[in-house]
Amino acid sequence: MPFLTTTEAGVPIQGPSATLIYDDWYPALRTDRLRKSKLAKAMLLGIPLVLGRRGDGRVFALRDSCPHRGIPLSEGWFDGQRVTCRYHGWEFEPCSGRCELIPSLSKHDRLDATRIYATAFACEERDGHAWVFIPGPGSGRRSPGAQPPVPELAKFGPRYRNAFLTADLPCNVDHGIIGLMDPAHGPFVHQAWWWRSRASIREKTKRFEPIPEGFRMSAHAPSGNSAPYKLLGVYGQPVETTIDFVLPNRRTEVIRCGDKWFSSLTTVTPVTASTCRIDVVAAWNVFYHVPLVTPIAKFFGARFVRQDQITMIQQAEGLRHNPSLMLIDDADKPAKWYFALKQARLDAAGGTEPRHPMDGPVELHWRS
Ligand code: FES
Ligand SMILES: [Fe+2]
């Protein structure tokens, strides 16, 4: 049955679902929610999770379900060491999931509680997010060494400011991702006096190259019609930007201008098969000494993300009726590459040799 959710606007949305990519890291929640002896709930790929931080600082993620009778572990207690189920008081070490105590066992019982496990997921903290590795159904417990590195925002020095933004999107992850890489919506969705207007549309030519499990918009001077890029011009040095997309869901952008830099990592994470969430973490040393630059950046960033969110709420309304859709050249070429890369990853999980959809560098042309 399709998942039902309610958007901020109060509109029930029932969009189509997407195939999900397992065996990868996804951001579950901000770690400032993991306070001492508190449990926090999250959902990734339709899996309910309970997260927390042990007394020694390590973060953990368990399936929010007691292996005894399935009550959510988030309903129980956490003392900084063990999670206790509120139904029969079984106690679990939360990083391994190992059961350490079953209070009902008597001296006549032979059951070894420590052979019972709640489902624990690999969980690591990076850039203020708790990242959780979601293995494929049936891929079993992996040793930590078998996992790819935890995604991390690129930084180019010890002194920087940073910010974080998030928005729930009522559409499936595919629409969230192709919206993220879509170059043609800017002049219409992101109109603002400080950014650009419809009248500022001009022809663009960008070079793209294949990278492992993704593609890169090769290093280039950013468009002259974008205000934030113009701001960097005050440093009087050439500005260069590189944008990568890598499966399953990560867009990284690095803008450099001499020793000044701005870096962002944007992810679109499936919450369920038919809903997703966009998270942006950014760091920069541009205008490091200018007061209020972080709140101002957050204000404009939030407005930008909100514009995308409103558009996707409207789109989800249309998608409820399963319209047929199209992808055009060249503005939708990145979306086509995304679907091909994703299919290659899914086929590889079935044993087929993965094939990159790009043979080499190409130029794309569009107006935006
Ligand atoms: S349901 Fe959790 S201890 Fe029984
Ligand atoms: Fe956008």
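Predicted model: local features only at pLDDT ≥ 70, side-chain atom pairs only at ≥ 80, totals over all residues.
Of the 368 residues in the protein chain, 29% are buried, where a residue is called buried if 20 or more other C-beta atoms, placed from the backbone, lie within 10 Å of its own, exposed if 12 or fewer do, and partly exposed in between. Residues are numbered from 1 along each chain as its sequence is written, and chains are lettered from A and ligands numbered from 1 in the order in which they are written.

Let me turn to the overall make-up. The protein chain has five helices and 21 strands; these are DSSP runs numbered from the N terminus, helices being H or I with at least four residues and strands being E with at least two. If we take the contacts between residues at least 6 apart in sequence, 59% of them join residues at least 24 apart, a contact being two C-beta atoms, placed from the backbone, within 7 Å.

Now to the sheets, where two strands pair if DSSP finds at least two bridges between them. One open sheet has four strands in the order S4-S5-S6-S11, with antiparallel pairing. Strand S4 (40-44) and strand S11 (120-121) are its edges, and each has a single partner strand, so one side of each is left without a neighbour in the sheet. S4 pairs with strand S5, residues 47-53, in the antiparallel sense over five bridges, and within this pair lysine 41 stands opposite valine 50.

Another open sheet, also of four strands and antiparallel, runs in the order S7-S8-S9-S10. Here strand S7 (77-78) and strand S10 (99-101) stand at the edges with a single partner strand each, so one side of each has no neighbour in the sheet. Strands S8 (residues 83-84) and S9 (residues 91-92) pair over two bridges, and valine 83 has phenylalanine 92 as its bridge partner.

Phenylalanine 245 stands opposite phenylalanine 215, and its bridge partner in S18 is arginine 251. S17 and S18 form a hairpin, with three residues between them.
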